[in-house]
Amino acid sequence: MRLLGIETSCDETSAAIVEDGRKVLSNAIYTQIDTHKLYGGVVPEIASRKHIEKISAVVDQAFADAGLAFHDIDGVAVTYGPGLVGALLCGVSYAKSFAYALKKPLVKVHHIKGHIAANYLSHPELEPPFLCLVVSGGHSHIIEVSDYNAYHIVAQTRDDAAGEAFDKVARVIGLPYPGGSQMDRLAKRGDGTKLDFPRVHFPDSLDFSFSGLKTAVINYIHRIEQRYDVKVSLLGDTDVITREMFEGNGVKQHAPLVTKADLAASFTRAVVDILVENTIKTALEKNYRTIALAGGVACNSFLRDAMKQVGEQHGISVCYPEPVFCTDNAAMIASMGYYLLKSGETCGLDLNAVPYISIEK
Ligand code: KG4
Ligand code: ZN
């Protein structure tokens, strides 16, 4: 069974064709990053307009890359939420017209279920049950995946998502949008033990909180800027951002020498520590032998390495999708769509975009 997947929930216009939920025949992605970079983040109205401009060409590209004609597919799967409502509507409207014109079944896919299904594309042997850490620009969830369409949220963020924290800190230190991948690059040049940022724990829950950490980093930067008269965002990766201080009596005081890369590495370490700690704790408590990572932040090299290493210490295998399937793409939507279509979960042409929906519904 071949499904056309369509994804337009944020700033990527994507169409893909996937066979039997696992084999990617094509995955065309038009990214709007260069457009939104000018504004330092996604501008919803511009995102919708770009989706409308690009969607037909991107779908044509997906068919051309797969070497297939429109009638060669068995169904259309589309992201209907959560996401930016105007952006979602572009994909939903296109998918409905396509399914109607070609008389093919239509399947609605929850964006986060798609992110989880990205693991099926990179790991043909992976089957539920497993535990999944979903970390993206909008979500930080630990989810029990007990079947292809059965989910239970064990923990989630109480404020910012992990990706959001990466993007905000990146912006303050002068990295271009989207900051997550740039932070990863910068952190590799630094020492993550230089600065000790807070890790939030709740007494009776494995929920996350990244807002305090983000504020701690931003406050640290502001303090440094005032004290040493520097502008962190204007410095190079390995320039020292602290300087020696001189007291009035002429006695030199040495401040710890910290570079922008050390700052990025220390922040990353704080995020990764708590993500790994809570996910491993959940897996041990609930007896999971497999942990999958999903979402854009699952591209993070420190998170991948740390989860793998700590998982191994406890006999837990850790997997994650290839980077192109971690960030928003339509192949993951087609994969999830396959499992829904197989169990008869099609939808009507009255399908609407929904900006907020729980994965447990
Ligand atoms: O899943 P995704 O493409 O979109 C959402 O559904 O939100 O995730 C995008 C997020 C952004 O916040 C981006 O900065 C982050 O994933 N991201 C990363 C990395 N690559 C992307 N964060 C940390 N390290 C990375 N290597
Ligand atoms: Zn996403």
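Reader: What spacing in sequence do the donor residues of the zinc ion (ligand 2) show?

Author: In this predicted model, the donor residues of the zinc ion (ligand 2) follow the pattern H-x3-H-x212-D along the sequence.

Reader: What makes particular protein atoms count as donors of the zinc ion (ligand 2)?

Author: An N, O or S atom has to lie within 2.8 Å of this metal to be a donor. The NE2 atoms of His111 and His115 and an OD atom of Asp328 lie 2.0 to 2.1 Å from the zinc ion (ligand 2), and they are its protein donors.

Reader: How do you know whether His111 and His115 are buried or exposed?

Author: A residue counts as buried when its relative accessible area is under 20%. The value for His111 is 7%, so His111 is buried, and the value for His115 is 1%, so His115 is buried as well.

Reader: Which of the residues around ligand 1 come nearest?

Author: Ligand 1 has 19 residues around it, and those that come nearest are His115, Gly137, Asp167, Asp184 and Asn300. In the side chain of Asp167, an N or O atom is 2.5 Å from an oxygen atom of ligand 1, while for the side chain of His111 the corresponding distance to an oxygen atom of ligand 1 is 3.2 Å. Gly138 takes part through its backbone, with an N or O atom 3.5 Å from an oxygen atom of ligand 1.

Reader: What makes the approaches of the His51 side chain to Thr13 and Gln32 polar contacts?

Author: A polar contact requires a pair of N or O atoms within 3.5 Å, one able to donate a hydrogen and the other to accept it. The side chains of His51 and Thr13 make such a contact at 2.9 Å, and those of His51 and Gln32 are joined by one of 3.5 Å. Leaving aside neighbours within four places in sequence, the residues in contact with His51 include Cys10, Asp11, Ala87 and Cys90.

Reader: What makes up the largest nonpolar core?

Author: Such a core consists of buried nonpolar residues joined through side-chain atoms within 4.5 Å, and the largest one here has 55 residues, with Leu133, Ile173, Met183, Phe210, Leu263, Phe267 and Leu303 having the most contacts inside it. Among the elements that each supply at least two of its residues are β6 (130-135), α5 (162-172), α6 (179-187) and α8 (260-285). The largest share, 13 residues, comes from α8. Met183 touches, among others, Phe166, Val169, Ile173, Ala264 and Phe267, not counting residues up to four places away in sequence. Another core, of 36 residues, lies apart from the largest one and includes Leu121, Cys132, Ile143 and Leu341.

Reader: Where are cis peptide bonds found, and what are their omega values?

Author: One joins Pro128 and Pro129, with omega about 5 degrees, and Pro129 is found in the loop between α4 and β6. Another joins Tyr177 and Pro178, with omega about -10 degrees, and Pro178 has its place in the loop between α5 and α6. In general, most peptide bonds are trans.

Reader: Why is Lys103, like Asn287, placed in its class of accessibility?

Author: The class of exposed residues begins over 50%. Lys103 has 74% relative accessibility and therefore counts as exposed, and Asn287, at 59%, counts as exposed too. Phi is positive in both, near 55 degrees for Lys103 and near 65 degrees for Asn287. Lys103 lies in the loop between α3 (85-102) and β5 (106-110), whereas Asn287 lies in the loop between α8 and β11.

Technical notes
Residues are numbered from 1 along each chain as its sequence is written. Chains are lettered from A and ligands numbered from 1 in the order in which they are written. This is a predicted model: local features need pLDDT of at least 70, side-chain atom pairs count only at pLDDT 80 or more; totals for chains, interfaces and linings use all residues. Side-chain values use heavy atoms; hydrogens and water are left out. Buried means under 20% relative accessible area, exposed over 50%, partly exposed in between (1.4 Å probe, protein chains only). Helices (H or I, at least four residues) and strands (E, at least two) are DSSP runs, numbered from the N terminus. Contact means heavy atoms within 4.5 Å. Donors are N, O and S atoms within 2.8 Å of the metal (3.2 Å for Na, K and Ca); water is not among the atoms, so sites may look incomplete. A residue is near a molecule or strand if one of its heavy atoms lies within 4 Å of it.
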